[in-house]
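This briefing is intended for a reader who wishes to inspect a protein model residue by residue. Please keep the sequence and the coordinates at hand while reading.

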Amino acid sequence: MTIEGVATDADGNRIQNAKVAVFLSDQSAGATGTVKWAETDSNGNFVIENHPDATGNTQSWHVAGEYTDGASNEFNAFSKPYVSASVNPVIPDSVVNRYNAGEESETDTQTIDPWNDLIGSMDLAAVGDASLNAGSVNGNDAVDLDGEGDGYDYATNLTETVNEPVSIIWAVNVRSLPRISMLWRDETGGGNQVYLDNRPGNNYYNLRIDGVDGTGGTLSTGDHIITLTVSSGNGALLRVDGADTTTVSASNVASGLAILDGGSQGAFYYDYTTTGRSVDGLAVETAIHDVELTGSDLTNEESRVESEAGMSVL
């Protein structure tokens, strides 16, 4: 849990080297709560990591601070509204693999290879020459996929198979819609795929789990949060921008079905069997969970990824 914000004086000027306190309860009223302090940087920004009272749910935070006026050496105290804080969305413990372009070390236009796993050790090996496009998605960095074979292969890097239940969430800006844009393909069993089908007469999302297909929705360019959940109890569900789009029934999802299998061939954003079936767009984040996300856990995680990408689609 990260709490971050900025301290300003009554005129809106940012205050450097101010001491800022963040706590849940109103200490002056005698309530209990842990106070954590931080010092602002030269731009008035402060960051507090791992506050013990943070739960990851919606909470109201009290923020206050103090600083010394350099001109008169006079002590000044301030509180809301001159100090503000916001809490970054919490990454759930169920995330086992995560990629976010803004947290890569590469600079603008530099080829990203590998795409580093920020949670575990499943780094994705680059195929083609996908590069960092700084600030390209609502001010956020993204991986630029040219639609001509750029993508990421996990078959040789995945050290253990990820079986059902599983959830995968992508934050991607679709730039154009060729005949087929392969978002994910894994040749385990009868084959698993999520792709955008824009062939003549088609204009929908295609979900395939163990060789069984479901189709639905309407394709469009622009920002999208695309979510896949798979379990033997509920089957497979594909959601686009918070709306259920297509399904594969539970009868076609065997218990323990391998969804991401390092022993097979698997990849994101391109089709390793056919040239030209890759995504033309900008990828901000991919998050893989070892659970089937449902209810508020699902919608909260979609909202977190949406926030990371600066999108407004849910």
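The notes below go from the overall architecture to individual residues and their contacts.

The model is predicted. It comprises 314 residues, of which 46% are buried, and its secondary structure consists of one helix and 24 strands. Of the contacts with a separation of 6 or more, 61% are between residues 24 or more positions apart.

**Surface**

- The accessible surface of the protein amounts to about 13500 Å², and carbon and sulfur atoms contribute 41% of that area.
- A nonpolar surface patch is formed by I91, L118 and I119, which together have about 200 Å² of accessible area.
- I91 is located in the loop that runs between strand 7 (83-87) and strand 8 (95-100).
- The relative accessible area of I91 is 30%, so this residue is classed as partly exposed.

**Strand pairing and a hairpin**

- Strand 17 (residues 204-209) pairs with strand 18 (residues 212-216) in the antiparallel sense, and five bridges connect them.
- Within this pairing, N206 has T215 in strand 18 as its bridge partner.
- Two residues lie between the strands of the hairpin made by strand 17 and strand 18, and D210 there adopts a positive phi near 50 degrees.

**Backbone geometry: cis peptide bonds**

- The peptide bond between D113 and P114 is cis, with omega at about 0 degrees.
- P114 belongs to the loop between strand 8 and strand 9 (125-127).
- A cis peptide bond also leads from E164 to P165, where omega is near 0 degrees.
- P165 is placed in the loop between strand 13 (162-163) and strand 14 (166-174).

- N17 is not a glycine, yet its phi is positive at about 60 degrees.
- The loop between strand 1 (2-7) and strand 2 (19-23) contains N17, and the residue is partly exposed with a relative accessible area of 48%.
- Y269, likewise a residue other than glycine, has a positive phi near 75 degrees.
- Y269 sits in the loop between strand 23 (266-268) and strand 24 (280-289).
- Is Y269 buried or exposed? Its relative accessibility is 0%, so Y269 counts as buried.

**R185 and its surroundings**

- R185 is part of strand 15 (residues 180-186) and is buried, with a relative accessible area of 11%.
- Which residue forms a salt bridge with R185? The partner is D271, with an N to O distance of 3.0 Å between the side chains.
- This pair links distant parts of the chain, as R185 is in strand 15 and D271 is in the loop between strand 23 and strand 24, 86 residues apart.
- Both members of the pair, R185 and D271, are buried.
- The side chain of R185 also makes a polar contact of 3.0 Å with the side chain of T273.
- Beyond the residues up to four places away in sequence, R185 touches several others, including Y154, N192, Q193, Q265 and Y272.

**Other salt bridges**

- The structure contains 16 salt bridges.
- One of these is formed by the side chains of K19 and E39, at 3.9 Å from N to O.
- K19 lies in strand 2 and E39 in strand 3 (residues 36-39), so this bridge ties together parts that are 20 residues apart in sequence.
- K19 is partly exposed at 41% relative accessibility, and E39 is partly exposed at 47%.
- In the salt bridge of D197 with R199, the closest N and O atoms are 2.6 Å apart.
- D197 counts as buried because its relative accessibility is 0%, whereas R199 is partly exposed with a relative accessible area of 27%.

**A258 and its contacts**

- A258 is found in strand 22 (residues 258-260) and counts as buried at 13% relative accessibility.
- A258 and T188 are separated by 70 residues in sequence, and their C-alpha atoms are 6.6 Å apart in space.
- Apart from neighbours within four places in sequence, A258 is in contact with T161, V162, N163, T188 and N192.

How values were computed. Residues are numbered from 1 along each chain as its sequence is written. This is a predicted model: local features need pLDDT of at least 70, side-chain atom pairs count only at pLDDT 80 or more; totals for chains, interfaces and linings use all residues. Side-chain values use heavy atoms; hydrogens and water are left out. Patches are made of residues with over 30% relative accessible area and no salt bridge: like charges are joined within 9 Å, nonpolar side chains (Val, Leu, Ile, Met, Phe, Trp, Tyr) within 5 Å. Accessible areas come from the Shrake-Rupley method with a 1.4 Å probe; for residues, only the protein chains shown count as cover. A salt bridge is a side-chain nitrogen of Lys or Arg within 4 Å of a carboxyl oxygen of Asp or Glu. Helices (H or I, at least four residues) and strands (E, at least two) are DSSP runs, numbered from the N terminus. Buried means under 20% relative accessible area, exposed over 50%, partly exposed in between (1.4 Å probe, protein chains only). A polar contact is a pair of N or O atoms within 3.5 Å; within protein, one must be able to donate a hydrogen and the other to accept it, and residues adjacent in sequence count only if both atoms are side-chain atoms. Contact means heavy atoms within 4.5 Å. Two strands pair if DSSP finds at least two bridges between them.
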